[in-house]
Amino acid sequence: NMDQAQLRRLLPEFAKAGVRELKLNNTDFTEVDIALLTQTIPNLVFLDLSYTKMRKDQVISLLFTIKNAASLQELDLCGIDLSFVSLQILKESIWNVRKVSLKRNFLNKLFEVCLVKECLPSSKMRYLHLHNLKMASFKSGISIQSLEEVDEHLNSIEATMLLEMVKNNSTVKELTMTGEDLSTIDEEILFQTVLNLKSVS
């Protein structure tokens, strides 16, 4: 991990040199000018900031910079508190990134379902890994998975929203909800959802 002095010295050098990949996980940015980091982002194709420490204003500044980073293809923001970020801002910031990891970001399950729904139409995103859900895009269509290993499962409202989203999107071809309790879900919604899918479990 780089300390504050190293960040202040090296990040401008990285920006000047046009560095394409940056891995700064577990770094503390709270006392560092976030512009030192954001000025490196336009050149990047890969950015790993997992489990970094940032103030709220720094996170917002970071997300707005990522939104306009045309080259960025892979982004890892796992472990950063995004609970105060609006759905619209988060969606817009990751919309054009091919592979996004957002685990342990203190986003609730309903927010995650809504984020997947918002990101489904993106032509560039191929992979979105959240804490409770995973979306992957293949030539054959989109796969959505409710993750079994998490502590809490989807409640009936969240599960219904997920099913409605899949039912209304013909590009989704695989749905995995293993371990979820679907006993209280409307049978008609279940039936209509399954009709369009190639694989269900």
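Predicted model: local features only at pLDDT ≥ 70, side-chain atom pairs only at ≥ 80, totals over all residues.
Strands of a sheet pair through backbone hydrogen bonds, either parallel or antiparallel. Within the unit, β8 and strand β9 (residues 199-200) pair in the parallel sense over two bridges, and leucine 175 has valine 200 as its bridge partner in β9. On strand β7 (residues 141-146), too, the pairing with strand β8 (residues 172-176) is parallel, here over four bridges, and isoleucine 142 finds its bridge partner in valine 172 of β8.

An antiparallel pair can be found elsewhere in the sheet, where strand β5 (residues 127-130) is joined by three bridges to strand β6 (residues 133-138), and where histidine 129 stands opposite lysine 134 in β6. Taken as a whole, the sheet is open and is formed by nine strands in the order β1-β2-β3-β4-β5-β6-β7-β8-β9, with mixed pairing. Its edge strands are β1 (21-23) and β9, each of which pairs on one side only.

From the strands we can turn to the helices. Two packed helices are described by the angle between their axes and the distance between the axes. For helix α3 (residues 56-67) and helix α4 (residues 87-94), the axes come within 7 Å and cross at roughly 40°, which makes α3 oblique to α4. The crossing of these two helices, α3 and α4, is left-handed. On the α3 side the contact is made by Leu63, Phe64, Ile66 and Lys67, and on the α4 side by Ile89, Leu90, Glu92 and Ser93; sorted by class, the contact of α3 with α4 has five nonpolar residues, one polar residue and two charged ones.

Helix α4 also meets helix α5 (residues 109-119), and here the axes come within 10 Å and cross at roughly 45°, so α4 and α5 are likewise described as oblique to each other. The crossing of α4 and α5 is right-handed, whereas that of α3 and α4 is left-handed. In this contact Leu87, Leu90, Lys91 and Ile94 of α4 meet Phe111, Cys114, Leu115, Glu118 and Cys119 of α5, and the classes come to seven nonpolar, no polar and two charged residues.

Note on methods. Residues numbered from 1 in each chain as written. Heavy atoms only, no water. Axes fitted to C-alpha atoms, helices over the stretch in contact; angles between N-to-C directions. Parallel < 35°, antiparallel > 145°, perpendicular 65-115°, else oblique. Left-handed = near helix turned anticlockwise from the far one by under 90°. Contact = heavy atoms within 4.5 Å. Nonpolar A, V, L, I, M, F, W, Y, C, P; charged D, E, K, R; others polar. Pairing = 2+ DSSP bridges.
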